[in-house]
Amino acid sequence: MTAIRAANVTIRYGKRTAVDDVSIDIAPGSVYALLGRNGAGKSSLVRALTGQIRPDRGRIELLGRDVWSDRAALMERVGIVSEEPDAPPEMRVNELAWFHSRLYSRWTQSAFDERVARFGIARNARIGELSKGQKKQVTLALALAISPELLVLDDPTLGLDVVARKSLFEEVIAHMADFGITVFITTHDLAPVEAVADRVGILRDGKLVLDEETETLKSRFRRIRFASQPVALTTANLITATVRKWGSGTEAVISNYDDVAFERFRDGAQLNADVSPMSLEEIFIAVSGEEGA
Amino acid sequence: MSHTLVIASRELRERSRVFLMASAMAVLPFLAALVPAARHDRPLAIAGIAGFLSVALALGVAVAQGTSTIAGDLVERRMSFYFTKPVSPAAIWFGKTIAALVTSLICFAIVAAPAFLATGDQWRQTLGGPRMLAFLGIGVVLMFLFSHVLSTIVRSRSGLIGIDFVLAAATVAAVYFIVRPVLFGSQGMAAMLLVAIGIAFVVILAAAPVWQLARGRSDIRRSHAALSRALWTTVAAVLLVAGVYVAWLVRVSPSDLAEISDVEQAPAGSAVFISGVGSMRGDYQSSFLIDTASGRATRIQAPAWWGVRFSQDGKVAAWLQPVSLLRRVEFELYTKRLDQRDAPVVATGIRKGGFGTFALSPDGTRVAVLNDSNISVHELATHRLLAAASRGDRANAFAMFFPNRDVVRLYQSPRNSTRVEIYELVSATKSFTKTGSIESQSTYNGIRASQDGSRILLSQSGIVADAKTGAIVAKLPMATSNHFATAMLRDGTIAVAKRVAPKRTNLSVFAADGTLLREIALPAHFVWISGETESGKLIATGYDRISSGHDGRGRKMFVIDPARGTIDRTMKDLKGPTPNFTDPRANRFREGQPLVAANAEGKLVTWNASTGAVTPFPSPR
């Protein structure tokens with residue numbers, strides 16, 4: 001059984017296609033990071049994954065059950081942190097906790113209290129009075145207090161300060177994964193994701209252009225800088241994701257880098273080339289950028 | 001606690017500021033009562049102002065919540081707050097609805113309670129008791145539901161808005177056309193049907209949002225689409241059911257009638273009007289024109305309580321139909337030729353307001369229509385207005401008939417007067433002239449006329465007078481205390497039925513000069529005179545109880561010879577044609593003409609006044 005299975009999901013708003021034939025399988029206990037630029041379709045996909053909108057085509061299962069038809073039952077097992085905090089601004093933090101405690105059978109009050117205290121948020125504060133980051137933290141505390149089997153985080157670091165971001169990734173998400181909880185996260189904050197995500201997907205214009213194990217992804221992408229003019233990398237069966245001028249030379253991003261093949265090519269062509277690994281952020285820019293492949 | 005109540009509780013907490021506003025408003029009536037102008041009756045001022053404010057606030061809060069509780073959350077993208085929780089769409093909708101309705105009623109109570117406690121009886125006198133609360137509750141529910149639907153439709157800004165409004169208009173039209181046919185047969189059932197459809201629509205309005213949330217969830221446009229789909233498909237289903245019911249209700253053939261409530265026979269020819277109730281159809285009255293010779297039946301929508309008019313030659317039938325549901329006292333005249341096979345029912349376009357009447361000319365070519373303040377004559381073939389005149393405001397009209405094709409004679413009294421005034425409207429000259437008057441002893445006068453239209457009888461006072469000038473010819477010894485029927489017969493004699501003892505009625509026969517010629521004892525408590533045959537025999541129906549139902553059980557028909565003072569024939573368990581209540585001249589029947597009657601089972605039969613033979617009614621087609 002997969003934790004999340006999306007098969008050929010297409011979501012349209014009128015004539016505009018927000019998500020185009022996306023299929024994802026996410027194994028239980030893994031951390032999946034979905035990346036994409038603004039308007040790539042991440043939030044639409046998250047809304048469909050959480051049963052808030054029905055795909056125009058395709059099917060989504062969470063924890064083995066159809067999310068559209070079994071949403072209410074599934075939400076008992078799924079913690080969600082939305083992109084925009086949606087709790088009514090008039091509600092106080094403790095009222096929100098009371099509300100959740102009545103709806104979730106696995107609600108743990110102490111876990112909620114502990115986290116809210118750690119975040120330094122007053123329990124009688126109104127949601128509308130909290131900063132954006134604090135609202136996210138309250139939402140996160142609520143989502144975690146139900147002991148979820150699946151945690152869906154839609155841009156959870158938006159508005160968080162550096163310390164809170166670090167805490168979220170290193171303590172919370174990594175901790176969740178250690179306990180076998182599946183985490184699905186969309187974020188622009190790529191550096192910490194690199195450390196926790198088992199698998200990465202990249203959406204571009206609604207299409208899933210990349211869906212791969214993080215380590216595999218990082219191993220096959222390389223930046224190559226040539227001191228001389230561009231050379232035909234394709235003769236070595238190397239696929240360039242991007243090619244651009246770099247000083248008097250050229251910089252190319254290779255999306256199927258292979259040490260042996262490249263060394264053979266470099267020796268044969270007698271090139272002066274500098275090969276360096278890429279961060280997830282650099283890969284994301286290369287893949288989702290305008291000039292990307 | 002169920003999820004519905006948890007949500008209701010949460011929503012209620014959110015509305016605490018509304019209660020604060022209501023509390024502030026609760027003080028206003030007491031402050032207003034301090035104004036010097038209100039000093040003379042402070043309880044009335046407090047109760048009146050508090051009543052207005054509390055009702056307005058409750059309804060206003062219902063509307064405000066209806067527009068915001070779902071549609072507002074959808075537009076502001078706050079519905080994900082609920083949809084990311086393990087709660088069903090039904091729990092969300094009903095939780096929010098309960099909170100909204102309770103909020104409205106609490107607001108009402110906050111404003112009303114102090115005034116009620118302070119004024120007590122004055123409050124009850126000014127605003128009523130539990131009934132007013134019930135109406136307010138219904139109003140709050142309707143306001144909330146309607147505003148929710150409207151708000152969802154409008155705020156989605158989707159292209160479906162136009163379709164919604166077209167369908168709403170179509171629904172109103174469909175309801176109108178579904179209920180309208182029922183109105184002709186039973187105003188009560190039409191009202192009940194309207195109420196039933198209304199209740200079904202309220203249930204739909206209350207339930208459709210569950211579908212809206214289940215299918216549309218947190219997207220306003222999809223939500224609108226889901227709501228519209230749920231709304232209009234269920235509305236269509238209700239209209240379909242109502243339409244099928246009405247089709248079944250009105251589809252009664254004459255042979256399906258379980259009870260006959262009215263039988264009217266044309267003075268000549270073979271046409272008869274019947275109305276009655278089909279089995280399992282409540283009090284819905286179906287009406288038909290039937291040719292007794294061929295059995296051909298034509299369904300007409302003449303309200304049973306007014307029946308039809310036949311021309312004296314029996315060639316034309318005319319009746320009134322309500323114009324619309326909204327204008328129930330405006331009627332249109334319909335006609336059908338009886339001497340032409342397959343002649344259509346014709347809507348004449350001639351309309352009549354109020355509760356006046358109309359009369360056909362002897363040859364059925366013209367109709368006189370009496371409205372509240374005017375009289376008019378129209379040609380039926382062309383629907384052309386031939387003549388019209390004002391007959392004065394607030395005059396009580398008693399009778400109207402055509403003495404001949406060109407003249408309409410009208411008998412009426414000024415308001416609260418005992419003077420009966422006689423007018424003639426002449427089509428050829430278009431003149432409306434007062435031709436005479438009679439000083440009666442009553443402000444109400446039942447008027448009977450001789451067959452040739454030369455004399456009249458004022459039934460209540462017993463005055464026999466010249467029909468045109470009002471010159472008194474004779475005075476009959478009449479008493480108004482007992483139920484009686486009268487008829488002026490073709491030989492100039494006058495028949496008066498008068499109850500003289502329980503289950504005994506005397507039929508007195510007077511000469512034209514008022515001399516009592518003879519009395520005939522009839523064994524019945526009440527008697528009506530159906531008409532006169534060509535040979536001068538009277539056809540009368542007797543009955544012992546007014547509420548003896550619509551069938552012929554317990555009734556009897558008499559064939560009376562007024563010239564000899566004998567009862568020639570008594571037919572038990574038959575109810576014959578009703579008298580002509582609007583034409584003051586007695587019905588005339590041809591010798592041997594099959595007379596139509598209802599038997600003990602309420603079924604139609606024909607019988608022969610000469611032989612007494614009763615035969616089943618030919619199965620109408």
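Buried means under 20% relative accessible area, exposed means over 50%, and partly exposed lies in between (1.4 Å probe, protein chains only). The legends below describe a predicted model, in which local features need pLDDT of at least 70 and side-chain atom pairs count only at pLDDT 80 or more, while totals for chains, interfaces and linings use all residues. Residues are numbered from 1 along each chain as its sequence is written, chains are lettered from A and ligands numbered from 1 in the order in which they are written, and side-chain values use heavy atoms, with hydrogens and water left out.

**View 1. A:Thr182 in strand β8 of chain A.** A:Thr182 lies in strand β8 (residues 182–186) of chain A; helices (H or I, at least four residues) and strands (E, at least two) are DSSP runs, numbered from the N terminus. With a relative accessible area of 1%, A:Thr182 is buried. Contact means heavy atoms within 4.5 Å. Apart from neighbours within four places in sequence, the contacts of A:Thr182 are A:Ala3, A:Ile26, A:Ala27, A:Pro28, A:Gly29, A:Ser30, A:Glu149, A:Leu150 and A:Leu151. A polar atom of the A:Thr182 side chain lies 2.9 Å from the backbone nitrogen of A:Gly29. Such a pair is a polar contact: N or O atoms within 3.5 Å, where within protein one must be able to donate a hydrogen and the other to accept it, and residues adjacent in sequence count only if both atoms are side-chain atoms. A:Val31 is 151 residues from A:Thr182 along the chain, yet their C-alpha atoms are separated by 5.9 Å.

**View 2. Helices α3 and α4 of chain A.** Helix α3 (residues 93–103) and helix α4 (residues 109–119) of chain A pack at an angle of about 155 degrees, with axes 11 Å apart. That angle makes α3(A) roughly antiparallel to α4(A). Axes are lines fitted to C-alpha atoms, for helices over the stretch in contact, and angles run from 0 to 180 degrees between N-to-C directions. Angles under 35 degrees count as roughly parallel, over 145 as roughly antiparallel, 65 to 115 as roughly perpendicular and the rest as oblique. The crossing of α3(A) and α4(A) is right-handed; a crossing is left-handed if the near helix is turned anticlockwise from the far one by less than a right angle, and right-handed if clockwise. On α3(A) the contact is formed by A:Val93, A:Ala97 and A:Ser101, and on α4(A) by A:Gln109, A:Phe112 and A:Val116. Four of these residues are nonpolar, two are polar and none is charged. Ala, Val, Leu, Ile, Met, Phe, Trp, Tyr, Cys and Pro count as nonpolar, Asp, Glu, Lys and Arg as charged, and the others, Gly among them, as polar.

**View 3. Helices α9 and α11 of chain B.** Helix α9 (residues 160–185) and helix α11 (residues 220–250) of chain B meet at an angle of about 15 degrees, their axes 10 Å apart. The two helices are therefore roughly parallel, and their crossing is left-handed. Among the contact residues are B:Leu160, B:Asp164 and B:Val182 of α9(B) and B:His224, B:Trp232 and B:Val250 of α11(B). By class, this contact has 17 nonpolar, four polar and one charged residues.

**View 4. Helices α8 and α11 of chain B.** Helix α8 (residues 130–155) of chain B packs against α11(B) at about 130 degrees, with 9 Å between the axes. This places α8(B) oblique to α11(B). The crossing is left-handed. B:Val149, B:Thr152, B:Ile153 and B:Arg155 of α8(B) make the contact with B:Ile220, B:His224, B:Leu227 and B:Leu231 of α11(B). The contact comprises five nonpolar, two polar and one charged residues.

**View 5. B:Thr103 in helix α6 of chain B.** B:Thr103 is part of helix α6 (residues 89–119) of chain B and is buried, at 0% relative accessibility. Its side chain reaches the backbone oxygen of B:Ala99 at 2.5 Å. Leaving aside neighbours within four places in sequence, B:Thr103 touches B:Leu12, B:Arg15, B:Val18, B:Phe19, B:Val61 and B:Gln65.

**View 6. Two loop residues of chain B with positive phi.** B:Met280, not a glycine, has a positive phi of about 60 degrees. B:Met280 sits in the loop between β2 (271–278) and β3 (285–291) and is exposed, at 74% relative accessibility. B:Asp573, also not a glycine, has a positive phi of about 55 degrees. The loop holding B:Asp573 runs between β28 (566–572) and β29 (588–589), and B:Asp573 is partly exposed at 34% relative accessibility.
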